[in-house]
Amino acid sequence: MMRQLAISAALLVLAGCRNSQASIDPLEQTGPKPVLPEPTEGLIAAVGVPQVVGWKQGETPTVPSGFRIEAMATGLSNPRTVYPLPNGDILVVEGKRVGSEPVDRPKDPVRRFIMSLAHGGGGAKSSGPAAGPPQRITLLRDANGDGKVELKSILVDHLNSPFGIAVVGNELYVANTDAVLRYPFTSGQTAISSPPQRVVELPGGLIDHHWTKSLTASPDGSKLYAGVGSNSNVQERGPEAETNRAAVWEIDPRTGAYRVFASGLRNPNGLTFYPGSNTLWTVVNERDEIGPNLVPDYMTSVRPGGFYGWPYSYYGQHVDKRVRPQRPDLVAKAIPPDYALSSHVAALGLAFYTGSSFPAGFRGGAFVGEHGSWNRTAYNGYRVVFIRFAGGRPVGKPMNFVVGFIGPDGKARGRPVGVAVDRTGALIIADDVGNTVWRVSYSGDAKAR
Amino acid sequence: MARRTIPPISIVRHPIYNMLLPVPVVCFIAALLTDWTYLASNGNRQWVNFSTWLLAAGLVFGAVSILVLMVDLIRGVAANRGLGWATFLLLLAAWIVEFINSLVHARDGWTAVAGAGLVLSIVGALLIAIAGWLSRDALELVP
C-alpha cells in the first residue's frame with residue numbers, strides 16, 4: 001500500500017500532475033490583497049520537489065547587478081539561522097529535526113518519504129559513534145568586515161534541534177525545539193562551556209511537526225518572543241496536539257512566565273521587530289493540499305492578542321472546510337495578514353535592512369528567505385526576495401533579490417532559510433541544503449533602485 | 001455441481017482464495033461504517049484514521065485475492081466460468097473504487113470523508129458485498 005502510494009505519487013510528479021489553478025501568476029498572490037482561487041483537492045496533492053545536487057566549487061546564487069555574493073562558510077551542516085553581532089562575529093545555528101512523527105495514517109510515511117527527497121543528504125550525517133546530525137552554534141569571525149572568515153569555532157554544541165537565537169546584553173538565548181535556554185555570553189567569546197539555564201519549556205513532544213522555534217527579543221530586551229508552529233497541516237492530528245501551538249509566545253526571560261501573544265499563525269518564523277518600533281513582524285507558512293495556489297504564505301505585523309485564522313480560516317474569513325468542528329466565532333475575529341508572499345514559498349527568514357551600504361531604496365525594507373515549495377509542480381520560492389517599506393508598511397511587489405538556488409537543470413543547489421544584516425550592511429543568508437552561509441554586499445557601481 | 005478436475009491454488013488442499021476474500025469484504029464494509037461514524041461524530045479523527053487503515057488492509061488483501069482468483073479462472077478451475085469472471089470483475093471494480101477512495105481519504109480532515117469519500121465507500125462496500133455473495137459459486141469448493 002505505502003509503496004503503491006509512493007509510486008503513484010512519484011508518477012504524478014513525473015506526469016506534471018493536474019493543475020486546475022494553474023492560470024494564476026504567483027505575482028498576483030503577493031501584496032496586501034492576493035488573488036485567492038477556490039480550494040481544490042486533487043486525488044493526490046500536487047508534489048514537486050527538486051533533486052538536491054549542492055553547490056559546485058565556485059558556483060553561487062545570483063544577485064542583481066551592482067551586488068556581489070560570496071560564500072562566507074561552506075561545509076556546514078544544515079545552517080538555518082544567521083545572527084551577526086556588533087563585533088563582526090556571526091553566529092550560525094546548525095540543526096536538524098531528529099526522530100520522526102508517529103504514524104497515524106498510511107499517508108504519513110509516504111509524505112515523509114517525499115519530504116526527505118527535497119533535503120538530500122547534506123552536511124555531516126553523523127559524527128562518531130553518537131550518531132545524529134550536529135546540533136550546534138558555530139561562530140564565524142570576520143573582524144575586519146571583508147566577508148572573509150578568519151576563525152571558525154563551535155560556540156555551543158549538543159543542542160536539541162535549535163533554530164532561533166537572540167543575544168541580550170551578556171546573555172545568549174537559544175530556542176531549542178523543546179525549550180528556551182540561556183547561556184552567559186560575552187562579546188568576543190568563541191566557546192561557551194557553562195551549562196545553560198532552562199528559561200521555559202516549549203511545545204516539542206512526539207509529533208513536533210513544525211519544529212523550528214524562531215526567537216527574538218523586544219527592543220528593550222525585557223521580553224522574548226518565540227514562534228511555535230502547528231503540529232499538523234490543518235489540525236488533522238486533533239486539537240489536543242495544538243495546545244499553545246500555531247502561536248507566538250511572549251516570554252519573560254527572568255521568570256520563564258509566558259503567554260500566547262498571538263495565535264492562528266500556522267508556522268511563524270523570522271520573528272523580528274521593525275527597526276525603531278515596538279511592532280513585531282513574522283513570516284508565516286500557510287496550509288497545504290488545497291491547490292497549487294492556496295494558501296499564500298505571508299509576512300505580517302503581529303498584533304498583541306491577535307488571531308490570524310489557522311486552522312479555521314485563512315486571509316480573514318476564508319473558511320477551511322476541512323476543519324471540524326468549525327468555529328465561526330473565531331473565524332469572525334480572524335485578522336487578514338499584511339502582505340502575501342504567494343503560495344507555498346515556505347518563507348522561513350525575515351530581516352529588515354538596517355544597514356546603509358545598499359542603495360537608499362533598501363533602507364527599512366524586508367528581506368525574506370523563501371525555502372521553496374513542495375506542494376505545487378511549478379516550483380515557487382527558492383530565493384530571497386526584497387520588499388520595500390514606506391512608513392513602516394510594505395509597499396509594492398516583492399523583488400527577486402537572490403535567485404539561482406535551483407539551477408537551469410531544475411536541480412537544487414541550495415535552499416535559503418534565515419537572513420540577517422551584518423554590521424557592514426551586507427546581507428547574510430543561511431542555506432541549509434547547500435550547507436553554506438552566503439554574504440551579499442553592494443559594490444556601488446550600479447544605479448540605485 | 002459438476003466435479004472439478006483442476007484444483008484451485010491451495011495450501012494443503014484448502015483453496016487460498018477463500019481465505020483471502022473475506023479480508024477486503026470485511027474491511028471495505030467496516031470502512032463505510034467508520035466513515036459514517038466520523039461524520040456522525042462531527043469530525044472525531046480516530047474514525048477517519050480507522051477508515052484509512054481498513055482501506056489499506058482491504059486493498060492489500062484484495063489485490064492478492066484478485067490475482068489468485070484470476071489465475072484460478074485462467075487455469076479453468078471455475079465450475080461456472082461466467083459467474084467466476086463476473087466475480088472477478090466485481091472485485092476488480094471494488095478494488096479500483098477503494099483505491100481512489102484511499103487517495104480521497106488521505107486528505108487532511110473533513111473532506112477526506114464528507115462528499116466523495118463517503119460516496120466511494122458506499123459504492124465500494126456494495127461492490128465487494130455482491131462479489132462476496134457471488135463468490136461461493138465462483139469456485140466450486142471441495143467440501
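**Exercise 1.** Which residue of E9(A) does Ala175(A) stand opposite?

*Solution.* Keep in mind that you're looking at a predicted model. Start with the two strands: E8 (residues 171–175) and E9 (residues 179–184) of chain A pair in the antiparallel sense, over 5 bridges. A hairpin of 3 residues takes you from E8(A) to E9(A). Now look across from Ala175(A): you land on Val180(A).

**Exercise 2.** Find the bridge partner of Val180(A) in E10(A).

*Solution.* First pick out strand E10, residues 197–201 of chain A, which pairs with E9(A) in the antiparallel sense over 4 bridges. Then step over from Val180(A), and the partner you reach in E10(A) is Val200(A).

**Exercise 3.** Work out whether the span of helix H3 of chain B agrees or disagrees with its number of residues.

*Solution.* Count first: H3(B) covers residues 45–74, so that's 30 residues. After the helix comes Gly76(B), with a positive phi near 80 degrees.

**Exercise 4.** Explore the largest nonpolar core: which residues have the most contacts inside it?

*Solution.* This core has 130 residues, and Val92(A), Val368(A) and Val437(A) have the most contacts inside it. Its largest share, 9 residues, comes from helix H4 (residues 81–105) of chain B. Now zoom in on Val92(A), skipping neighbours within four places in sequence: its contacts include Leu76(A), Ile137(A), Leu140(A) and Val437(A).

Definitions and conventions:
Residues numbered from 1 in each chain as written. Chains lettered and ligands numbered in written order. Predicted model: local features only at pLDDT ≥ 70, side-chain atom pairs only at ≥ 80, totals over all residues. Expected span 1.5 Å × (residues − 1). Core = buried A, V, L, I, M, F, W, Y, C linked by C-beta atoms within 7 Å. Buried ≥ 20, exposed ≤ 12 C-beta atoms within 10 Å, placed from the backbone. Contact = placed C-beta atoms within 7 Å. Pairing = 2+ DSSP bridges.
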